[in-house]
Every structure is written in C-alpha cells, then in structure tokens.
Amino acid sequence: MKTRILSCLFAVCALATAQAQNGEIALHPNNRITISIGGIPDNEVPQISKVYTISDSGTINLLHIGEVRAAGLKPSTLQRTIEQTYIAREIYTRPTVTVTTNDSATTAQMIYVVGGIKGNGTVPYTSSMTILKAISAAGGFSPFAKPSKTKLIRNGVTTEINLKDISADPSRDIKLQPDDQIIVPD
C-alpha cells in the first residue's frame, strides 16, 4: 500500500515537473512572461516583443488590442489567443506569437523611483505597494521636488499624478505593479 501511494506521489511530482519544464503551468498575476512576435511590420515588433508582468487583475496590455486576459491560461493558449485577436480585429494577417515564462519571476520585482527623491533608485515591489509607500521607501521627497507634477509610467503609458492631492486624501493612493516607474520632477 505504501509503495503504491509513493508511486502515485512520484508520478504526480514527475508530471508537475514535466509541465513546468514545458512552460505549460497556468499563468498567475505578477508572473513575468516574454512575448515575441513575428509576421508584422518591423517598426512595431519592439513595441510588442518584450517582457510583461501580468497585472493583479490577470491581464497584460498589448499594442492595438489593449488588455488581454493572461492569468489562468497556459503560455501556448495565450499565444493562440493573442494571434487570433490580432487576426480577428484585422490588425495583422499572419502574426506569429511566442510566449515564454521567465525563470527570473522568482527574483525580486522592483518599482523604479527617480527625480526629486532623496534616495533615487529601485524599491522592492510588494503586493500592497502604493505610490506614496514607494516614494517613502525611496527616502521621501527632496527639498526641490514638485510632487504635483509626478509621472507614473506603466507598460509604456505615462500618467501625470498630483501627489499633493493624494497626500491630502490617502484613499486615492494608487496601487503599483511590478516595473512601474515613478518620476518626481525637481
């Protein structure tokens, strides 16, 4: 009986390892994936082919098609979904997409804080990280900072934020995602 249980346990572990090696474990929020695309105009390849971090809501943001659900899908399923979406929306006729999981997903994820901060640089990301917490962790504002003109860059999209308003009403604080960039002008 013990031998049979151990055999079953070994088989399950071997199957899980094989799936992990094939990259076919379902994706989760905060996983980092690399998307490569071919069969499209050369000038658009760099805008799509890059490393993405799946958001807390389980999506990634892609050029021309916007938010795409990634969490819960296997990489091969996400590949087909992206290809089919580009084709169905008549954006590209023959895109070839490759999705790979990054083994570095287990390494620390960071938030990048630069500009009018006492300790410019990187701040380790946590799931409860907000813009005010990240600035505080980076040492706070420098004497010459202009917090009312702060910029948040997420997935290549820049949003201007007035941190004076958020400081006055912390309920409006913005939850951050890995690799977000915060720029506080001097």
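Author: A residue counts as buried when its relative accessible area is under 20%, as exposed when that area is over 50%, and as partly exposed in between. The model we are reading is a predicted one, and in it Asp180 is buried, with a relative accessible area of 1%.

Reader: Which residue does the side chain of Asp180 meet in a salt bridge?

Author: The general idea is that a salt bridge pairs a side-chain nitrogen of Lys or Arg with a carboxyl oxygen of Asp or Glu within 4 Å. Here the partner of Asp180 is Arg154, with 2.6 Å from N to O. Arg154 itself is partly exposed, at 23% relative accessibility.

Reader: How many salt bridges does this rule give?

Author: The count comes to four. Among them is the pair of Arg32 and Asp179, whose side chains meet at 2.3 Å, N to O. This pair also links distant parts of the chain, since Arg32 belongs to strand β1 (residues 32-38) and Asp179 to the loop between α5 (163-168) and β10 (181-184), 147 residues apart.

Reader: Is Arg32 buried or exposed?

Author: Arg32 has a relative accessible area of 18%, and because the limit for buried is under 20%, Arg32 counts as buried. Asp179, with 27%, is partly exposed.

Reader: Which residue forms a salt bridge with Lys151?

Author: That residue is Glu160, and the closest N and O atoms are 3.7 Å apart. Lys151 is partly exposed, with a relative accessible area of 32%.

Conventions
Residues are numbered from 1 along each chain as its sequence is written. This is a predicted model: local features need pLDDT of at least 70, side-chain atom pairs count only at pLDDT 80 or more; totals for chains, interfaces and linings use all residues. Side-chain values use heavy atoms; hydrogens and water are left out. Helices (H or I, at least four residues) and strands (E, at least two) are DSSP runs, numbered from the N terminus. Buried means under 20% relative accessible area, exposed over 50%, partly exposed in between (1.4 Å probe, protein chains only).
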